[in-house]
Amino acid sequence: MAPRDPVELPAERVRMPAANADEDQEIWLLSYSDLVTLLFSVFVMLLAITTLKDQLPTTPLPPEAPAVTVPADEPAPPEPVPVPIREDPRPHLDPDQVAVEAPEPLIDRWRAKLSDLGVPPGVAVSVRQNRVGIVIGDAILFAPGQVELSTPGRGVLRRLLPVLLAAPGEILVEGHTDAVPTTGGRFVSNWEVSTARASSVVRALVDLGVPARRLSAVGYADTRPIAAGTDPASNARNRRVAISLQASE
């Protein structure tokens, strides 16, 4: 009997063992070791933070005040007796108002001062807070219908010069007219008349030696009358020039 030839297997059924099979089975160990290392680092960091926190200084809390106990048999303290508030006998004044004395004695003193200077009796004195007004009728300073100072009017200003130079602060010259409208002439209304008369007084005071920086002129026309009515006497009172200065005494 003849011997059999060896059986040849198909090539696709023959499997050769892979050379790197063991290496593929150990790759997961690398990822596992990385995870363990990361967890170890986290635990070391938490331990370091806890240790550092324990070493920080702490601020002690303030001690609590001991509670005060009142014995039951101790009488309660007496209630405070209200102290009556004494009213200030002085008058209540505005912040910019002087508190030296009442206006009437101040007016009397200024009237006596002007009388000693030889000022005509027609010159009046008014007090508004800490300002003294020397009120001069227009007939004393100006000729009828004029805005330039007359010779007697310039003489009145010369007599007032000592008190004007001695007074501190600003000197305001106010021009006032009556309510009769102007007709014709170079002035359109009483505004121009009152302003021109106040300016004329200011120029005269500068010529007499009053510093110009202390002087100012303003015209009020007939907006601030001191006498009600339109009769000749009231109109004469309203036509005036007031020199307002600070009351030093």
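I began with helix H6 and listed its buried residues as Asn190, Val193, Ser194, Ala196, Arg197, Ala198, Ser200, Val201, Val202, Ala204 and Leu205. Buried here means under 20% relative accessible area, exposed over 50%, and partly exposed in between (1.4 Å probe, protein chains only). Helices (H or I, at least four residues) and strands (E, at least two) are DSSP runs, numbered from the N terminus.

I noted that this is a predicted model, in which local features need pLDDT of at least 70 and side-chain atom pairs count only at pLDDT 80 or more, while totals for chains, interfaces and linings use all residues. Residues are numbered from 1 along each chain as its sequence is written, and side-chain values use heavy atoms, with hydrogens and water left out.

I looked up what covers the buried residues of H6 and found that the cover includes H4, H5, S3, strand S4 (215–219) and S5. I then checked the length of H6: its end C-alpha atoms are 26 Å apart, which agrees with the 26 Å that its 18 residues should span at 1.5 Å a residue. The expected span is 1.5 Å times one less than the number of residues in the helix. Just after H6, I recorded a positive phi of about 115° at Gly209.

In strand S4 I examined Ala217. Ala217 counts as partly exposed because its relative accessibility is 38%. Ala217 touches Val173, Ala198, Ser199 and Val202, leaving aside residues up to four places away in sequence; contact means heavy atoms within 4.5 Å. The C-alpha atoms of Ala217 and Arg203 are separated by 9.7 Å, the two residues being 14 residues apart along the chain.

**Nonpolar core**

I next turned to the largest nonpolar core, which has 33 residues; Ile134, Ile136, Leu157, Leu160, Val201, Ile243 and Leu245 have the most contacts inside it. Two or more residues each come from helix H3 (103–116), strand S2 (131–137), helix H5 (151–166), strand S3 (171–176), helix H6 (190–207) and strand S5 (240–246). H5 gives the most, with six residues. A nonpolar core is a set of buried Ala, Val, Leu, Ile, Met, Phe, Trp, Tyr and Cys residues joined through side-chain atoms within 4.5 Å.

For Ile243 I listed contacts with Val132, Gly133, Ile134, Ile136, Leu157, Leu160, Leu164, Ile171, Leu172 and Val201, not counting residues up to four places away in sequence.

I found a volume of about 400 Å³ for the largest pocket. Of its 21 lining residues, Gly145, Gln146, Thr182, Val193 and Arg197 are the closest to its centre. On a 1 Å grid over the protein atoms alone, a pocket is an open set of points where a 1.4 Å probe fits, with protein on both sides within 12 Å along at least five of seven lines; lining residues have an atom within 4 Å of a point. H6 supplies the largest share of this lining, three residues.

The second largest pocket holds about 320 Å³ of space. Among the 16 residues that line it, Ser126, Val135, Ile226, Arg240 and Ala242 are the closest to its centre. Strand S1 (124–128), S2, S3 and S5 each give two or more residues to this lining.

**Asn235**

Last, I looked up Asn235 in helix H7 (residues 232–238). Asn235 counts as buried because its relative accessibility is 10%. Asn235 touches Asp178, Val180, Gly229 and Thr230, again not counting residues up to four places away in sequence.

Methods: Grid points are joined across faces, edges and corners, and a volume is the space filled by probe spheres set on the points.
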